[in-house]
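Open the model in your viewer and keep the selection panel at hand. The tour goes stop by stop.

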Amino acid sequence: MKSFKFLLFLLCLFLVSASAASAHFSYSPQRHITSTHSSDVKEYFCVDATDSNVPISTVDAYKAVKEVLYSKNYDGLANNKIYFIQGGAGETACKNMTSEQLSSTPFRYYIQDSTKPLCDGTSSCVVRYGEVKQSDGHSHYDYGVATLRYKTFTNVRDYIVNHETGHLLGLPDGNGSNDCPGSIMHSKDYGCSNGYPSDPTQKDLDAVTTEANSN
Ligand SMILES: [Zn+2]
Ligand SMILES: [Zn+2]
């Protein structure tokens, strides 16, 4: 019994020190889409719901993603360095874009029933492409693909669009129940008690602004 108490004590010590270590907002690993540093290069995006198992049209999915990106949160940060706008000259479905249209569209959202092959099937995730290591060790990417699970997109749309967009803008996930400062990145999926918040917090927005304004 005594050793159990000692173990409990050790566990508490670990939790206290771990939460102290993560009380600041961590950027590590620093990685973001290159366009976020520039006021001239906009955050062109496309949306795709052409998965035959998804019962919404790409047009409706595009409208829904656009509403979240435009009306809330990240758009306009860092004096419009973050500036979301439709890519592809009238074409909204990523899969229907020409390679030229696609290459200038770095924010790509695919709504799928299963999130494979880029994610594990049931979780939404982001995969980045075209890594260019910067001299200070952080990474720039040409573009990123956010695969959003249709079920999650239906149930907690604002959350999942803002969370995955947060990744593309450089925000990392939370790392567990001892890491629950208010953030769109630290939700119920990471052991936090805030459920699935709709919007990034001011801290998230400040972090993205700092990231866009740095190198
Ligand atoms: Zn995440
Ligand atoms: Zn950078």
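**Stop one: helix H6**

Select helix H6 and check its length. At 1.5 Å a residue, its 12 residues should span 16 Å, and the end C-alpha atoms lie 17 Å apart, which agrees. Keep in mind that this is a predicted model.

How many of its 12 residues are buried? The count is 10, so H6 is mostly covered. To colour them, select Tyr 159, Ile 160, Val 161, Asn 162, His 163, Glu 164, Thr 165, Gly 166, His 167 and Leu 168. Then step just past the helix to Gly 170, where phi is positive, about 115 degrees.

**Stop two: Asn 162**

Go back into H6 and pick Asn 162. Why does Asn 162 count as buried? It has 25 C-beta neighbours inside 10 Å, and the cut-off for buried is 20 or more.

Next, show the partners of Asn 162. Setting aside neighbours within four places in sequence, Asn 162 is in contact with Val 68, Asn 73, Ile 184, Asp 199 and Pro 200. Draw a distance to one of these, Asn 73. The two C-alpha atoms are separated by 8.2 Å, although the residues are 89 apart along the chain.

**Stop three: the nonpolar core**

Move on to the largest nonpolar core, which has 42 residues. Start with the residues that have the most contacts inside it: Phe 45, Val 47, Val 65, Tyr 109, Ile 111 and Val 208. The strands are S2 (43–48), S4 (107–112) and S6 (139–149). The helices are H2 (58–71), H5 (150–155), H6 (157–168) and H7 (202–213). Which helix gives the largest share of this core? Helix H2 does, with six residues.

Stay in the core and centre on Tyr 109. Beyond its neighbours within four places in sequence, Tyr 109 is in contact with Phe 45, Val 47, Asp 48, Val 65, Ala 146 and Leu 148.

**Stop four: the whole chain**

Zoom out and switch to a cartoon. The protein chain has seven helices and six strands. Trace them from the N terminus: α-β-β-α-α-β-α-β-β-β-α-α-α.

Finish by colouring for burial. Of the 215 residues in the protein chain, 38% count as buried.

Terms used. Residues are numbered from 1 along each chain as its sequence is written. Chains are lettered from A and ligands numbered from 1 in the order in which they are written. This is a predicted model: local features need pLDDT of at least 70, side-chain atom pairs count only at pLDDT 80 or more; totals for chains, interfaces and linings use all residues. A nonpolar core is a set of buried Ala, Val, Leu, Ile, Met, Phe, Trp, Tyr and Cys residues joined through C-beta atoms within 7 Å. Helices (H or I, at least four residues) and strands (E, at least two) are DSSP runs, numbered from the N terminus. Two residues are in contact if their C-beta atoms, placed from the backbone, lie within 7 Å. The expected span of a helix is 1.5 Å times one less than its number of residues.
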